[in-house]
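Please read these notes with the model open beside you.

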Amino acid sequence: MDFSKYTDPAMLYVSEYGVKIVLALAIFFIGKTVAKKGAALIKNLMIKAHVDLTLVNFLANVLYFVLLIVVVLASLSTLGINIASFLAIFGAASLAIGLALKDSLSNIGAAVLIIIFRPFKVGDFVDTAGVSGTIEEINLFSTIMATPDNKTIMVPNSSVIASNIINYSNKPTRRVTLTFGIDYGDDLKLAKEVLWQLIKEDERVLQDPAPFVAVAALADNSVNLEVRVWVKTEEYWNVHFDMIEKAKLAFDANGISIPFPQMNIHLKKD
């Protein structure tokens, strides 16, 4: 019996399909290597351009993932597989995954915005999303902060972007504003001189912008004097607390009283 009429087409089919498999594997492995090196090249270029490291890693991973998908599709196409149906399935799966992970994806998008626009950086003290603290880390999903009493707070990036951001560390100088109330019977000019003397004696107080002392209000129980001085940002709280303590001691030494709310009760005898 002559089997050549069966074996010849089979061998032809196997050899033809074998070539396709070898070619597809070659495309996959070579393409994977090219994708990895391409992502690494882009990553190095972004690092040399001083792009934030978090954004660099994120974009490099996304680029590698996209290139890898292209390589896989090219390999499948080489095998003769209709990738149109595969793309439809992949699109549907991507949509389902996107809907399931929409909150996580929104945090990733917010992380990119934070890194690009830089409303704050690691080490800044900020007030955002209802909490205050020093920025310790900005990752793809959350911003990690340390409170002044050393608690760790993880705030979702989407919440950070959606809220107001107050950055207390962004500027090199800050203004210390203090209000001191004195009794209506005290010497107003002497009180102002005492405050001016405290300002002159403190070397941490900047002269530009110039310090400011003035009557702020004639309140119900006191004459309120407002002091405004500019200091370096890192000296803000030290000057704030020192100035309050020194003003109280100076007022006491000069016979200037700081009034407090009082209630007078009059008893009427029938």
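1. Tyr236, Trp237 and Phe241 form one aromatic cluster. This is a predicted model, in which local features need pLDDT of at least 70 and side-chain atom pairs count only at pLDDT 80 or more, while totals for chains, interfaces and linings use all residues. Residues are numbered from 1 along each chain as its sequence is written, and side-chain values use heavy atoms, leaving out hydrogens and water.

2. The structure holds five aromatic pairs. Rings of Phe, Tyr and Trp (its six-membered ring) pair if their centres lie within 6.5 Å; planes under 30 degrees apart count as stacked, over 60 as edge-to-face and the rest as tilted. With centres 6.1 Å apart and planes at 85°, phenylalanine 180 and phenylalanine 251 are therefore edge-to-face.

3. That pair links distant parts of the chain, 71 residues apart: phenylalanine 180 is in strand β6 (residues 173-182) and phenylalanine 251 in helix α7 (residues 236-253). Helices (H or I, at least four residues) and strands (E, at least two) are DSSP runs, numbered from the N terminus.

4. Phenylalanine 180, at 8% relative accessibility, counts as buried, and so does phenylalanine 251 at 0%. Buried means under 20% relative accessible area, exposed over 50%, partly exposed in between (1.4 Å probe, protein chains only).

5. Tryptophan 237 and phenylalanine 241 form a stacked pair, 5.6 Å centre to centre with 25° between the planes. Both lie in helix α7, four residues apart, about one turn of the helix. Tryptophan 237 counts as partly exposed, because its relative accessibility is 48%.
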